[in-house]
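Please read it alongside the structure shown here.

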Amino acid sequence: MAGAGELARHWQYTELPGVDLLRARYIHKTFVRHTHESFVIAAISDGVEVFHHGGGDVSAGAGALALVNPDTPHTGRAGVPEGWRYGAVYPSPEVVAAIAAETTSIRGTPGFISPVLDDPYTVGLVHQILRAADEGNALAADTLLRVAVTRLLRLNGGPLPQRVVPTAGSRVAARARAALEARMAKPPTLEQLAGDLGTSPFALLRAFRGAYGMPPHAWLTDARVREARRLLDAGTAPAEAAVAVGFTDQPHLNRHFARIVGVPPGAYQRERKNVQDAGHQLLVPSDTWQNRSLQKTYAPEQKGDEPPRQGESRTPPSYGTP
């Protein structure tokens, strides 16, 4: 369960199509191994996040960015007792590719080379993007997103390498993935799946992990949450979405959804319904699916996010660009 003080908001801004936004503070939160269809650009403002990436744990502290390419398995957890606080943008591959084509010399599919980059300047840009989206400043949000992505690609970008897997194993893994996608609501056992593909369970397990970075059951949970997000975006009720993708009920969906997306499905869908409301600010306990609006919000500042002193006014920073 989430500890006291864990808050998160996951939303979209209509003037930034193809981009998801997140502002969160986590203490005991643990993200299970999962992937995103989009890029992850997470700007750490306080604390430390540790995440498993590329075969080992890496950490990102205040002033650093955690950068994950699409379809790259990773986890997430606190690296210090006080947890971590961050803002993140999730631009789609199409958005990043368009920016890269216009502003960089990268050839091929663009992506990030290192999963962690110490760059307080870009951390500030990410938080300004979130602030601009909150305030309905479309010009600033769009401009700052392009500046931030361009800077990251110039500092830490290059063409994404193609995943290399054994030819025989890749074919078996691809067939297994297609079978799981077709039978998402009622998947076979590993033994049944292997038998259908004419291989052994352990051979299938090795091939699947080699191709997709996680075992079939973990990949299926990740795929179910992705499909649930699409259904929620389309207006399907969480309870109906849960059953449609193969979870037993809404609490089952909630458990896995919050461990991958960072917020419960009810809060996720409410934000989708309120993307037109620029003044809407909803933060909810990250593992609670009840409708609970808290009258607290935060936007990381340049000096550590300490609350203003009594009698002190806080003026939002200007949206500066280089």
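**Briefing on a predicted model**

The second largest pocket has a volume of about 400 Å³, a value that, like the others in this briefing, was computed on a predicted model. The lining of this second largest pocket comprises 21 residues, of which D20, E37, S38, R229 and Y268 are the closest to its centre. A search of the whole structure also finds two cavities of 30 Å³ or more, and the largest cavity has a volume of about 180 Å³.

**Pocket and cavity linings**

- Four elements, namely β1 (7-12), β2 (19-26), α7 and α10, each supply at least two residues of the lining of the second largest pocket, and α7 gives the most to that lining, with six residues.
- The largest cavity is lined by 18 residues, and those closest to its centre are V40, E49, H74, Y86 and Y90.
- Strands dominate the list of elements that give two or more residues to the lining of the largest cavity, which consists of β3 (30-34), β4 (40-53), β6, β7 and β8 (84-91); the largest share, four residues, comes from β4.

**Nonpolar cores**

- In general, nonpolar side chains tend to be buried together in soluble globular proteins.
- The largest nonpolar core of this model has 49 residues, and those with the most contacts inside it are Y26, W84, Y86, L204, W219, F257 and V261.
- Helix α7 gives the most to this core, with seven residues, and α7 also gives the most to the lining of the second largest pocket.
- A second, separate core has 33 residues, including V95, F112, I129 and L152.
- If neighbours within four places in sequence are left aside, W219 is in contact with R177, L180, E181, F208, Y212 and M214.

**Aromatic pairs**

- The model holds eight aromatic pairs, counted with ring centres within 6.5 Å of each other.
- One of them is formed by F208 and W219, an edge-to-face pair with 6.0 Å centre to centre and 75 degrees between the planes.
- This pair links distant parts of the chain, since F208 is in helix α6 (residues 201-212) and W219 is in helix α7 (residues 216-233), 11 residues apart; both F208 and W219 are buried.
- A further edge-to-face pair is formed by F257 and Y268, with 5.3 Å centre to centre and 70 degrees between the planes.
- Because F257 lies in helix α9 (residues 250-260) and Y268 lies in helix α10 (residues 265-273), this pair ties together parts that are 11 residues apart in sequence; F257 and Y268 are both buried.
- Y268 is also among the residues closest to the centre of the second largest pocket.
- Ring pairs link Y26, F31, W84 and Y86 into a cluster, and Y26, W84 and Y86 are also among the residues with the most contacts inside the largest nonpolar core.

**Charges over rings**

- The charged end of K29 sits over the ring of F31, 5.6 Å from its centre, and F31 is one of the residues of the ring cluster.
- R9 lies over the face of W11, at 4.0 Å from the ring centre.

**A backbone feature**

- D71 has a positive phi of about 60 degrees, although D71 is not a glycine.
- The residue D71 is placed in the loop between β6 (64-68) and β7 (74-78), and D71 counts as partly exposed because its relative accessibility is 45%.

Definitions and conventions. Residues numbered from 1 in each chain as written. Predicted model: local features only at pLDDT ≥ 70, side-chain atom pairs only at ≥ 80, totals over all residues. Heavy atoms only, no water. Phe/Tyr/Trp six-rings, centres within 6.5 Å; stacked < 30°, edge-to-face > 60°. Buried < 20%, exposed > 50% of the residue type's maximum accessible area, 1.4 Å probe, protein only. Lys NZ or Arg CZ within 6 Å of the ring centre and 35° of its normal. Core = buried A, V, L, I, M, F, W, Y, C linked by side-chain atoms within 4.5 Å. Contact = heavy atoms within 4.5 Å. 1 Å grid on protein atoms, 1.4 Å probe; cavity = no way out; pocket = protein on both sides within 12 Å on 5 of 7 lines; lining within 4 Å. Points joined across faces, edges and corners; volume = space filled by probe spheres on them.
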